[in-house]
Amino acid sequence: MRRLMRADPKGVLTGVHSLNGNQACVEGALAAGCRFLAAYPIVPAIEAWEWFLERAKDVGATFIQMEDEISALAAVLGASWTGKRSMTITSGPGFSLMMEHLGLAVMLETPCVIVDVQRVGPSIGTPDRPAQGDMMQARWGSHGDYEIIALSPSSPQEMFDFTIKAFNLSERYRVPVMVMADREVAHRKEEVVIPPPSEIMVEPRRYYRGAKSRYLPFKRDRDFVPPMVDIGDGYRFHVTGLTHDDRGYPIMTEECQEYNVHPLVRKIRRYVDEIVQVQEADTEDAEVVIISYGAPSRAALKAMGEARRSGVKVGSLKLVTVWPFPDKRVAELAKKVKAFVVPEMNYGQMVLEVERCSHGRANVVFVPYEEKGFEDDLLSAIRKVCQEKKVREGIIQYHG
Amino acid sequence: MNPFITAFAKGIERSGVDPIKVSVVSDIPFDPGVVNHLHIDFFHTIRGRAIAFGTGLKLGNPALQVVPIIGDLVTLGGNHFVHAGRRNMDLLVICVNNFVYRKIAGELAPSIPPSFSPYSTFEEPFNVPHLANSCGAIYTARWTALHTDELTLSVSEALKKRGFCVIEVLLPGPNYYRRIKEIESDLVNFYYENSVIRDGEDPRNVGITPEGKIVVGKFTDKERPTFIDSYNAQLSSVLGDEFIPYGG
């Protein structure tokens, strides 16, 4: 049985604070034991960078402004191998630059957290406008086969909570974990409750405990996760981003490819039920379920209340983990409900997953973001889809 | 064994640095097979990013002696090279140069001198010691695979220095030429006949050209506060006693 440990009191700012999402994210990271930040400042994540610098002295954390986001993630990976919990914070353009190192993090099985405060794109887009356009990139951005974990917070409080969760998942499965925030959440200022350190549970790093001479960096435990050591402690190990064996030596054969990559995928897929988390409200009797994540889930809950008052049985499924996607739960619900309504601040990304998992059993309506907000569109989309007599093929695009 | 790796290992021994604290970071296209002979911590990362990765290692644990051995000849990693020099990050960077990307047939590296490629090249190569010196490196040297004793000495000197040190090592052995033109021995002969030792030479004058001599030697050796020194000094001056200096 794995044992969690209590958070280091040094990093926990217990109390009720008025923080924006960026600041709350940093507080979550420090509470989870993060002591290293490498980043390249970018709007709208810049307050996180400033807040980390502000707080670094209190906890003895180190930071460096790297020359770009490529090197920022590289430095984070390096620092993680010295035993420090490490993170980087960025937005869309920087997130794109990080993709090759994301693959390296997966291959070297290096725990780290990447916070992406999403803004509109493509390219530079508008730095200070919220979006959720990086969701598929988070899953498929780096080349090759791998599984990844991503969380999506919808409030400053969740920025705090989910960042701790991200560090814990990252250490548990030795995989980079992404916090997919957006400008709306990152800049919103709200009350954030930070519990005392005794109530914050942190996943300790899984260290190798055997003889130094027998250490193999990729020899896996029964759950496919290999235990780690810190660099410079005399284990004299080799690791490589090339296809490798247990020793971390490059062996580029077909068998080794299978031997190396299969567990990278298995270690997440096998524990998908432990990893996946959703927050449900009123789904038992629901005819329509709003599936949302991040900032739009606030509008979703509001619209749900409004619809219920007018007599339509609406429920809400809010994704905590966006990756892995809660396939099973959505498939179960698809058997019971008439329709899913999916609001997103993009042109339709996670709605593709909803459609995949509903197996043609329920209508899937996509509600895109408009300047005036989601709420009215959600309500009329719900009313409209209730009138559908049969299940329509594909995704129904809602035009407000 | 590879003469470079032998000299590197001897250099670690001579410097008196604990090998446990030495960690090598290399990149593609540097061949990890070479370093796999060494019994030290070794990270083989992606194309050109060894210096950036090494920066994280050094900041994560300042007690480490981090040695990025880069084979990409300041291409993808060019920006990391420039900025690590500017910061005076405490790294010993070894630029392994054999005039082509090893293992990749016929592709040109930016440090390749004209006439060494099938159709020659029209691009100016980097003068690596000059580039390093301009970026702020505190120690620059160049040796060929034939200068093993000098290389050993340079590695041991640079390991003891605090700051951004760059040693360019000219190696024979590009697979492509071995296969197509059997030029490997020619390259060794080329080094033998054309290299000339000029310690203390101004790095501006040490560019490699097909006509000229290959100038080798220890070119610069100076002192400058490292990144961690400046980090501690600046934060101490702003925060006073609140700040506990990092590393040491």
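Which residues of α3(B) meet which residues of α4(B)? That is the subject of the first of these close-ups, and every view here is taken from a predicted model.

**View 1. Two helices of chain B, α3 and α4, pack against each other.** On the α3(B) side we have Ile51(B), Ala52(B) and Thr55(B), and they meet His80(B), Phe81(B) and Ala84(B) of α4(B). Sort the residues of this contact by class and you get four nonpolar, two polar and no charged. The two helix axes come within 8 Å and cross at roughly 40°. With angles under 35 degrees counting as roughly parallel and 65 to 115 as roughly perpendicular, that makes α3(B) oblique to α4(B).

**View 2. Chain A and chain B meet at an interface.** Chain B puts 33 residues into the contact, and chain A puts in 35 residues. On the chain B side, β2 (41-44), α3 (50-60) and α4 (78-87) each supply at least two residues. The largest share of that side comes from α3(B), with eight residues. By class, the side of chain B that touches chain A has 16 nonpolar, 13 polar and four charged residues.

**View 3. A strand of chain A, β12, joins β2 of chain B.** Strand β12(A), residues 238-240, runs parallel to β2(B), and three bridges join them. To find your way around, look for Val239(A): its bridge partner in β2(B) is Phe43(B). In general, strands of a sheet pair through backbone hydrogen bonds, either parallel or antiparallel.

View 4. Val24(B) is a handy landmark, standing opposite Val67(B) in β3(B).

**View 5. Chain B as a whole, for context.** Chain B has nine helices and eight strands. It is 248 residues long, and 50% of them count as buried. Take the contacts in chain B with a separation of 6 or more: residues 24 or more positions apart account for 65% of them.

**View 6. Over in chain A, two assigned domains touch.** The domain assignment gives domain 1 (5-202) and domain 2 (279-397). Their C-alpha centres lie 28 Å apart. The contact takes 20 residues from domain 1 of chain A and 16 residues from domain 2 of chain A. On the domain 1 side, α6 (135-140), β8 (149-151), β9 (176-182) and α8 (183-187) of chain A each supply at least two residues. Of these, α6(A) gives the most, with four residues. This side of domain 1 has twelve nonpolar, four polar and four charged residues.

**View 7. Chain A also has an open sheet of six strands.** The order is β13-β15-β14-β17-β18-β19 of chain A, with mixed pairing. β13(A) (278-281) and β19(A) (395-397) each have a single partner strand and stand at the edges, so one side of each is left without a neighbour in the sheet. Ignoring direction, neighbouring strands of this sheet are turned by 25° against each other on average. At the β13(A) end, four bridges join β13(A) to β15(A) (residues 314-319), and the two run antiparallel. There, Gln279(A) stands opposite Lys318(A) of β15(A). Helix α13(A), residues 350-358, packs on the sheet, touching β14 (288-292), β17 (339-344), β18 (363-368) and β19 of chain A. The direction of α13(A) makes about 165° with that of β17(A).

How values were computed
Residues numbered from 1 in each chain as written. Chains lettered and ligands numbered in written order. Predicted model: local features only at pLDDT ≥ 70, side-chain atom pairs only at ≥ 80, totals over all residues. Contact = placed C-beta atoms within 7 Å. Nonpolar A, V, L, I, M, F, W, Y, C, P; charged D, E, K, R; others polar. Pairing = 2+ DSSP bridges. Domains from an automatic or database assignment. Axes fitted to C-alpha atoms, helices over the stretch in contact; angles between N-to-C directions. Parallel < 35°, antiparallel > 145°, perpendicular 65-115°, else oblique. Buried ≥ 20, exposed ≤ 12 C-beta atoms within 10 Å, placed from the backbone.
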